[in-house]
Structures are given as C-alpha cells and as structure tokens.
Amino acid sequence: MYERLGASFKVENWWPAESEFEIMIGAILTQQTTWENVEKVMTDLKANGLLDVDSLVRIDNDTLEEIVMPAGFYRQKASRIKGLAEYIKVHYDSNPLAIMNRPLEEARRELLSIRGIGEETADSMLLFAGHKPKFVAASYVSRILKRTGILDSEDYDEIQRYVESIVPPKPEIYAKFYALLIQLAKTHCKARPICGGCPLERECAFSVRKGE
DNA sequence: ACCCAGGTGGCCC
DNA sequence: GGGCCACATGGG
C-alpha cells in the first residue's frame, strides 16, 4: 500500500508549518474540521503574532475565540489552545519542544493529560512536531483498513499497534504513510465513497456497488 | 434540507 | 468498556 499509494499521490510538505509549535496548535485546530478552515485561523494567528507560548497565554479569551471561530468548536478549541500554552509555560519554561525530549511513552501520557488532547492529537504532535515514531490511527485510517478488509477495528490502540507492528518505525515513514492514507481518504474514501479512480478499488470490499 | 469534516470529554449504565 | 451527546463553522 505504501508504495502503490506513493505512486498515486504527492504528499510532500503535507503538514506545512513554520515551527513545531505551529504544528501542535494545528493539531488541535484540525480536530473534526477541514484543513482549509484551519488555514484561515492559522493565517490570522500568524498575522497577530500569536504563534508562541507566551503570546497565547497573554491573549484575552474573547479575541482568541474570535480568531479560532472559522475552525469550528471555537470556544473549546480556544480554551484548549490556551490550556496547552499555559501548561508549557508552567512546566517547561515556555519551550514547546521540551516535552518531546522526554521518553516517548512518557511524553505521550503527559500530552494525554492535557485537556483537549486525545490520542490522535497527541500522536499527531509526537509524530509531526516531535518527529517521533508514533503512527496516528485517525478515523480515516480505520475506515480504509476496514473497507480493504485488512483490519476491522474501531479500537484506536489496536489499529495503532497493528500498523506499528508492520511498518518500519521511522518517523518519516509513519508520517508519509499517514499522509498517503489521509490523502486517499480525502479523494476516495469519505463517508460516502468516491470509488472511480481509487488506486485501491480492486481490493476494496466496500466499493460503492457493494455498499457498507 | 440534509450530510460531512485529519476528535474530545462528559455522562450513563 | 460501550453507547450517546454536545461542541460549531464551512463546504458539498
């Protein structure tokens, strides 16, 4: 799959950002939202010089909510972003990368303890901001594995363990494979499948005519 | 007028 | 440990 999807999709610079902290903020903003909506927020955050820990701690909540609005769930997300910034300021002297330097599983548990950071968001941060070998078992990944008959599971940890047991544990490979799967999902494997031209149509057990 | 998006947390049993 | 639900804007 890795090689065949790689021949079908270009996923270079797939998570564009000017800093690791920007990726961490993006990971929260993109929860249950399209990246296009996140970009508007990111542009606005950048324009207001808010992409650093101390500025986010300082900014008043109403202003931040207004900026976050286009990404949806804006009250939750604004407070989650603020909470993350405050956590890093208090525990890591405002250095967002310090947490990534801890042993992987400890860093993961610590991220999970922060409000608004669940498994997928934590792993996105570890993989894309921390460059750690953690595969992100997003719902799209689950859907593709299910429809292709590779693994029928909704359990995050099980899906992650499965992929990590097969794919070589290199951050670049996890990141590219993840990007390829999400790209595949966005073009062909949405809730309503778009099967024409899908590079995996032949082995997919749930192409449109069979239904789900 | 629907359905869906690169989830998370809270509450119920 | 599962099954709902709220959270919210923006695009098809």
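Domain bounds here come from an automatic or database domain assignment. With those bounds, colour domain 1 (2-11 + 135-210) and domain 2 (20-129): each gives at least three residues to the lining of the largest pocket.

Some ground rules before we go in. This is a predicted model, where local features need pLDDT of at least 70, side-chain atom pairs count only at pLDDT 80 or more, and totals for chains, interfaces and linings use all residues. Residues are numbered from 1 along each chain as its sequence is written.

**Stop one: the largest pocket**

A pocket is an open set of points on a 1 Å grid over the protein atoms alone, where a 1.4 Å probe fits, with protein on both sides within 12 Å along at least five of seven lines; lining residues have an atom within 4 Å of a point. The volume of this one, the space filled by probe spheres set on the points, is about 860 Å³. Select T30, Q32, T33, E120 and Y140, the closest to its centre among the 25 lining residues.

Next, show α3 (35-47), α8 (119-129), α9 (139-147) and α11 (171-187), the elements that give two or more residues to this lining; helices are DSSP runs of H or I, at least four residues long. Which element gives the most? That is α8, with four residues.

Colour the lining by class and you will find ten nonpolar, nine polar and six charged residues.

**Stop two: the second largest pocket**

Now select M1, Y2, L145, I150, Y162, V163, I166, V167, P168, I173 and F177, which line a space of about 190 Å³. Here α10 (156-164) and α11 each supply at least two residues. The lining has eleven nonpolar residues, with no polar and no charged ones.

How values were computed:
Chains are lettered from A and ligands numbered from 1 in the order in which they are written. Side-chain values use heavy atoms; hydrogens and water are left out. Ala, Val, Leu, Ile, Met, Phe, Trp, Tyr, Cys and Pro count as nonpolar, Asp, Glu, Lys and Arg as charged, and the others, Gly among them, as polar.
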